[in-house]
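Subject: Structure handover

Hello,

Here is the structure for you to look over. My notes on what was found follow below it.

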Amino acid sequence: MIQDERVVLPEWGGSANLARRFAREIALSQPPPIRASLFVTCIIDQLYPEVGVSVVRVLRRCGVEVDFPEGQTCCGQPLYNSGFTQEARKLAVRTLDALDGSQYVVVPSGSCGAMLRVFYEDLFADDPVMLERAEALRDRVYEFTEFLTEVLGVDTSPVERPAADGPAATRTVAYHPSCHLLREMRVREAPQQLLNNAVSVELVDLPDAEQCCGFGGTFAVKYPHISEEMLADKLASIRQSGADTVTACDMGCLMHIGGAISRQNLPVSVQHIAQVLDGGEG
Amino acid sequence: MSTGNIGIPTAEFLASVREALGRTDEPPADPYAPLQDDLAALTEQAATVRERVARELPDLSRQLGETAALRGWNVARCGGVEEALDYVVSLATQLGATSVARSEQEVFESVPVDAALAGVGAMCWPAVYDGPEGREAVRRRLAESGMGITGADYAIAETGSVVVLPRQGLSRLVSVVPPVHVAIVRPQDILGTLDDLFALRRLEFHRDGAQGNGDMGSYLNFITGPSRTADIEQTIVVGVHGPREVHMVLLDEE
Amino acid sequence: MAEVATREFVAASQAAVRDEQLRQALRRAGSGFDGTRREAIAEVTEDVWEDWRQQARSIKEHTIAHLDYYLAMLERNVQAAGGQVHFARDAAQANAIVSEIARQQGVRTVTKSKSMVSEELGLNHVLEEQGVDVFETDLGEYIIQLAEETPSHLVAPALHKTRGQVAQLFAEQLGVPYSEDIEEMARIARVALRQKFLEADMGISGANFLVAETGSLVIITNEGNGRLCTSAPRIHVGLAGMEKVIPSLQDLAVFLRLLPRSATGQRITSYMSMVTGPRRADDEDGPEEFHLVIVDNGRSRLLRDPALRESLYCIRCGACLNVCPIYQRVGGHAYGWVYPGPIGSIVTPGLVGVAQAKDLPNASTLCGACRDACPVQINIPRMLLHLRHQQAESDDTNQRTVSDTDKALAQGFATVMSSPWLLRLGRLVGRALSAPLARSGKIRQTRLPLVSRWTRARDLPVPAERSFRDRWRDELSKGGN
């Protein structure tokens, strides 16, 4: 664990100075290298690869040795949520195989993270061998922002802010806490702490932030009339927040929210939190 | 004539529940702790409650008054009987109540409301059914009374509530039918919490021996503030089917 | 049993989301109830609240696991107090019991305080058919009885009605002048029902709790109608689902702390009435007979399945409805039966049959707000998942209701995801197929089934030109950015 380090996280994509300084501090304190496997999630892999790139960049800047187990595909949650437990188990086995031996598993999604950490145990409740493997995985799985704060201790040390002549706040960001991150993985503070500490970010209040956006996987197409009502309310909240960027820790929710923002041509950019912390690139 | 059991036999019903649970008719392997209390344990629990309440009485009395006010009671803290009588009389005068129903309880021996109310022309009468009037007449009179006065068997500081135990002399209807209810609370009626109340009631229930042989009476009314509803547009309205106005007369001493 | 319209969920919910008055009513109620609930929790502190939840949960776990034992204890003690207990396996039996008591006793008028079980049984209809006048006395229930509707919320039955609609109803049904003044409307109901309370031969109540130790029935109310129904008539009939029993009087304290706070945010309700048998010989008043009707009506089905058993811990506070984003959009009636919202989506399939209520477990985003709000920590999302699993894969063909399309899609997805190689192929095929539909990387409009249900309100991204794993292999694995 890195503790009592002055970690600069967010937008040093542009600041070679800060990057060097950080690297020097890491080198000086010489913590044991932290190795983490990225479980990138199928939605990022296939639809939003740039998010995965930002995740890797942020982790590396924090001194993490990142690897990508190539056997991974999907965690099985879409199947599990639709009741297809048998099919979901096959994908869960594949995922467990791929992630065997990882020191930490970082998942840039509260929803897929919940699948790995919480639902695999339910999935294998009647299979002692697999259950043991699921339990072993449980304690190594971290959602991306949770990993930064809990394991790397980014939240316990004040994020260093540049001197007065540093970059001023340039973007207003609204954070949507995704349901599974909040209520299955129980991660509430970490993303907001990171955003609060990000120098170029002004975190604004999102009204009714903890209301579901109406995605819910297949729910969005099975009951579009309800989903769209929920989505409309979420969009109204985003508009009301005055943010120029909406972010979350789940590309599922952001595909849903972003799909409507795009349809309505709203002047709001939609970014995964890793992209925001990566200086808005990607 | 009483109607006997006309459902399916108990044994059959319970067997189907057991079957669904996949269990035998053994009692719980891990006995439920509260139900293991014998009379000695219950007596001790009740004594502990009484001791603590006696020790904390000034605080509890203050807490009762504050909480009750928050829950919608008009709280009148009275130093003595005279003050309490004055309060009741001025209330009846304000309401223009000419008929005031009351229960027949010990408290009215030390707080003689009948005479005091008579002094301002209000008729205060005991709502008991064994009088010459008969049940229907008493109910009609109750419905026409402007005010109902009862004592309190308990008053709960935690919730700001008055508890009455309807019985001989204490109609179930005195505290609910008239539009205004006045409850006279003496220091010895005050308890701290819901747990205190149930500890005392459990002792009452089990007092006469084995479980089920005791009796704690047919009814317990736990009253906290006026009757109210929010069934139309979640807008609170007081005085639907019960009293719109309730007064807690807190006697500091009898 | 009450009419089951759960099959109509889609059509009913489509109509509901277009109903502007319903929308307003739901918004007001949901935020109102939930706001005060949160305040009430903050007042006692989260820690204390969690402690209470845990206590209540433990009591329910123990009781339901030994339900037969506590029902037997309850029956003994109700009898010892001079009351009668009647067990009913289903709605027809329960209705027959009440109907028979009414017949034997020559009952002409019944006043009722709120009882969800009675809604479940459709009891009013049965009594009316035998010539008994039945009056609902809870203001909300009275309104929906006049409107010939069913409750749309567990604690606020007429939540879906605006004041204007109630005013209209009162004017038409009671012949009073039209008034939107809520106090005036409450007064009208008071006047209309006051005489009924004193006339009625039989009072019918529900039960919030049944205390096995003492044989007591506990009801929690605000209006005072429950007190009148259980005090004035010469017969009192209590109706309760069999899960309502708790072991000891001591257990009641924690539930009295949890239930009102969870339901309306009240710290305590105006009234709690505890009925133990009929009036005693020297009591001033009270019913001469006390009957307790304990109803299974499908509950043993929930009991039998360990994954659904905890749905019987429910104390019907309605907190899950007030926080549910689905309930808040569609209201109670769309669910098609007596118990709406998240808990209804669990118990309704259990009580009326899974095949009757296919949509209910699926009409949820699994957001989990219901579980966090539940005062007895019922894990509703897990049970929804369990019911979906039964629909998809149950050995029992009555329960397996998933469509062939859904099954084929699931299997197709599973196949694509079964290896990185197939996933790559899948992506290339996906890109090729979606390219003609897309403009600047997004599908805006399509008539493709399913996909069009997404794109009617949202753009859809197409697979990226290079997947993350491609970029990992080509750039990132070599340490590049």
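In this predicted model, 109 residues of chain C are in contact with 85 residues of chain B. Contact here means heavy atoms within 4.5 Å. Two pairs of chains touch, and the most contacts are between chains B and C.

Some ground rules. Residues are numbered from 1 along each chain as its sequence is written, while chains are lettered from A and ligands numbered from 1 in the order in which they are written. Because the model is predicted, local features need pLDDT of at least 70 and side-chain atom pairs count only at pLDDT 80 or more, whereas totals for chains, interfaces and linings use all residues; side-chain values use heavy atoms, with hydrogens and water left out.

Chains C and B

Together, chain C and chain B bury about 8,100 Å². Of that area, 55% is on carbon and sulfur atoms. (Buried area is the accessible area, taken with a 1.4 Å probe, that two parts lose on being put together, summed over both.) Three residues stand out: C:Asp68, C:Arg227 and C:Glu284 supply 10% of the area that chain C buries against chain B, more than any other three residues.

The count of salt bridges between chain C and chain B is 10. A salt bridge is a side-chain nitrogen of Lys or Arg within 4 Å of a carboxyl oxygen of Asp or Glu. One example joins C:Arg89 to B:Glu12, at 3.0 Å from N to O.

On the side of chain C that touches chain B, helix α4 (residues 67-80) of chain C gives the largest share, 11 residues. Helices are DSSP runs (H or I, at least four residues) and strands are too (E, at least two), numbered from the N terminus. By class, this side has 50 nonpolar, 30 polar and 29 charged residues. Ala, Val, Leu, Ile, Met, Phe, Trp, Tyr, Cys and Pro count as nonpolar, Asp, Glu, Lys and Arg as charged, and the others, Gly among them, as polar.

Chains A and C

Here 70 residues of chain A meet 67 residues of chain C. The two chains bury about 6,100 Å² between them, with 56% of it on carbon and sulfur atoms. A:Gln46, A:Phe84 and A:Arg263 supply 12% of the area that chain A buries against chain C, more than any other three residues.

The rule finds 14 salt bridges across the interface of chain A and chain C. In one of them, A:Lys222 pairs with C:Asp406, and the closest N and O atoms are 3.8 Å apart. Helix α12 (residues 224-241) of chain A gives the most to the side of chain A that touches chain C, with nine residues. That side has 32 nonpolar, 20 polar and 18 charged residues.

Over all chains, the search finds 65 salt bridges. Among them is A:Asp45 with C:Arg469, the closest N and O atoms being 2.9 Å apart. This pair runs from helix α2 (residues 42-46) of chain A to helix α23 (residues 468-474) of chain C.

Chains A and B

No contact joins chain A and chain B. Their closest C-alpha atoms lie 19 Å apart.

Backbone points in chain A

Two residues other than glycine have positive phi. A:Arg186 has phi near 60° and is in the loop between α9 (179-183) and α10 (190-197) of chain A. A:Asn265 has phi near 55° and is in the loop between α13 (251-263) and β8 (269-272) of chain A.

Best wishes
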